[in-house]
Each structure stands twice: as structure tokens, then as C-alpha cells.
Amino acid sequence: EYLTVEPFGRQHALHIFADPVKTYRADGDVIYFGAGVHEAGIIDIKSGQTLFLDEGALVYGAVVANHADNIRIIGHGILDNSHQKEKILWEANAVGNTSAVDNATRENAIKFEYCHGIEIDGITIRDSLLYNIRPICCNDISIRNVKIIGCWRYNSDGIDMHNCQNVEIADCFVRTYDDCICVK
């Protein structure tokens with residue numbers, strides 16, 4: 001069960017998530033973040049690795065993987081992309097600047113390219129600079145029990161699959177400024 005209350009407006013909503021109790025197992029090659037605040041930056045996941053965000057973990061950063069197989073992001077922690085900075089490509093008043101969206105590069109909260117066997121389960125993602133979960137040319141993807149909130153920037157899509165196959169999205173809560181789930 002998910003409940004959202006907006007006593008102080010849309011950008012200051014209270015979100016209540018009542019998920020069944022789930023215990024996660026993280027065996028093998030694990031990148032672990034326990035309770036507390038962590039400034040992780042860019043987390044690069046390799047084949048066979050698990051990123052485990054334990055209960056009470058607040059991880060400021062973004063997750064990337066390229067040509068990786070059997071990768072997981074699991075746990076009850078929070079991945080927050082708000083500390084990532086945009087790289088401005090040219091001045092706003094530069095000649096030929098016709099699009100503010102093209103004027104900067106930003107990191108997705110989670111970006112997987114050419115990966116196989118992806119599991120994302122239980123985490124909360126908040127305040128992404130760009131798309132929250134963006135698999136590109138990936139297959140065999142399971143996204144379950146994920147909560148995506150607090151995305152108030154343009155292009156802060158929830159889950160955008162680009163040329164992906166065999167994708168399952170279940171029991172997720174997605175509240176974004178732009179598209180919630182998009183297939184491209």
C-alpha cells in the first residue's frame with residue numbers, strides 16, 4: 001500500500017509506503033552501504049556485483065554499468081541523485097543556444113548500457129537530475145518494489161527503457177515531474 005498526502009503542496013508531500021517485510025540476501029561480490037549518509041559519487045557496477053543499500057542508508061550518487069551481466073541493486077535504502085552537478089556546455093546567452101535542455105549534461109540516477117540479467121528491488125530513488133532508471137539495449141530486467149519520488153526537474157522520467165527486451169516492472173511507486181514509465 002502506498003499513500004501520498006500533500007499538506008504543504010506538491011513538492012513537500014508526505015509519502016507512506018507499507019511494503020511487506022522482505023529480507024535481502026547479498027552474497028558474493030557486494031558493494032555495501034549501511035545505515036548513515038554516504039557521498040558515493042558515481043558507482044560503477046561490474047558483472048556479478050550486487051549494490052546493497054541497507055535500511056537507513058542514504059547514498060548520494062548515481063549508478064552505472066556497461067556490458068555487465070547478472071547485476072543487482074537491492075535493499076531498503078535511498079539512492080539520492082541531487083548532489084550530482086550539471087555540466088553546463090555553453091553560456092545561456094551564447095549564439096546558437098536554442099534549447100536549454102541541450103545546454104547541460106546530467107547523470108541518470110541509474111544507467112545501464114548493454115547489460116543482461118538486471119534486478120532492482122526495494123530501493124527508493126529520489127531527486128534525480130535526469131531519468132531515474134535508464135536501461136539502454138539491456139535484456140532480462142526485473143524492477144520490483146522500487147519507489148521513485150521528489151523529481152522536480154525537466155526530464156526526470158521514472159523508468160525509461162531504450163531498446164530493451166524482457167522487462168518486468170511490478171509493485172513500484174513512481175512520482176516524477178515527467179514521464180513515469182516510458183518505452184522507447
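**Terms and their grounds**

Guide: The side chain of Asn132 has a polar atom 2.8 Å from the backbone oxygen of Asp157. The model is a predicted one, in which local features need pLDDT of at least 70 and side-chain atom pairs count only at pLDDT 80 or more, while totals for chains, interfaces and linings use all residues. Residues are numbered from 1 along each chain as its sequence is written, and side-chain values use heavy atoms, with hydrogens and water left out.

Visitor: Why does Asn132 count as buried?
Guide: Buried means under 20% relative accessible area, exposed over 50%, and partly exposed in between (1.4 Å probe, protein chains only). Asn132 has 0% relative accessibility and therefore counts as buried. Its place is in the loop between strand 13 (124-126) and strand 14 (133-136); strands are DSSP runs of E with at least two residues, numbered from the N terminus.

Visitor: Why does Asp80 count as buried?
Guide: The relative accessibility of Asp80 is 2%, so this residue counts as buried. Asp80 is found in strand 8 (residues 78-80).

Visitor: What does Asp80 touch, not counting residues up to four places away in sequence?
Guide: Contact means heavy atoms within 4.5 Å. On that basis Asp80 touches Leu58, Val59, Tyr60, Gly61, Arg126 and Asp127.

Visitor: What joins the side chains of Asp80 and Arg126?
Guide: A polar contact of 2.5 Å joins them. The term requires a pair of N or O atoms within 3.5 Å; within protein, one must be able to donate a hydrogen and the other to accept it, and residues adjacent in sequence count only if both atoms are side-chain atoms.

Visitor: Why is Val5 called partly exposed?
Guide: Val5 has a relative accessible area of 35%, and is therefore partly exposed. Val5 has its place in strand 1.

Visitor: In what sense do strand 12 and strand 15 pair?
Guide: Two strands pair if DSSP finds at least two bridges between them. Strand 12 (residues 116-121) and strand 15 (residues 139-144) have five bridges and pair in the parallel sense. Asp121 has Arg144 of strand 15 as its bridge partner.

Visitor: How many bridges join strand 15 and strand 18?
Guide: Strand 15 and strand 18 (residues 165-170) pair over five bridges, in the parallel sense. Here Arg144 has Ala170 of strand 18 as its bridge partner.

Notes:
Helices (H or I, at least four residues) and strands (E, at least two) are DSSP runs, numbered from the N terminus.
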